[in-house]
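This report goes through a protein model, from its contact pattern to a single residue.

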Amino acid sequence: MDAFTAGILQRIESTRSDLDQARRSGDDFLADMEQAELEDLHRLAAEHGVEVSAA
């Protein structure tokens, strides 16, 4: 696995965790921000052929 792939997968995992935490705390604004970031990361991964697990 190259550095780009490892980095994007780590950022996706971190953002998923941050999104879950924002949802649990009831912070709708932060949850929206994290969701947008996650969507951007998934788009970036797809553009570069990086497979992302659905979990």
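In this predicted model, residues 24 or more positions apart account for 60% of the contacts with a separation of 6 or more. The secondary structure consists of two helices and zero strands. Along the principal axes, the C-alpha atoms fill a box of roughly 35 × 15 × 15 Å.

Of the 55 residues, 24% count as buried.

The largest nonpolar core has nine residues, namely Ile 8, Ile 12, Leu 19, Ala 22, Ala 31, Leu 38, Leu 41, Ala 45 and Val 50. Helix 1 (3-25) and helix 2 (28-47) each supply at least two residues of this core.

Two residues, Leu 19 and Glu 34, are listed below with their contacts, leaving out residues up to four places away in sequence.

| Residue | Contacts |
|---|---|
| Leu 19 | Ala 31, Glu 34, Gln 35, Leu 38 |
| Glu 34 | Thr 15, Asp 18, Leu 19 |

Glu 34 lies in helix 2. Glu 34 is buried but has no salt bridge. For Glu 34, the nearest side chain of opposite charge is Arg 11, 9.2 Å away, whereas a salt bridge requires a side-chain nitrogen of Lys or Arg within 4 Å of a carboxyl oxygen.

Key:
Residues numbered from 1 in each chain as written. Predicted model: local features only at pLDDT ≥ 70, side-chain atom pairs only at ≥ 80, totals over all residues. Heavy atoms only, no water. Helix = DSSP H or I, 4+ residues; strand = E, 2+ residues; numbered from the N terminus. Buried < 20%, exposed > 50% of the residue type's maximum accessible area, 1.4 Å probe, protein only. Contact = heavy atoms within 4.5 Å. Core = buried A, V, L, I, M, F, W, Y, C linked by side-chain atoms within 4.5 Å. Lys, Arg positive; Asp, Glu negative; His and termini not counted.
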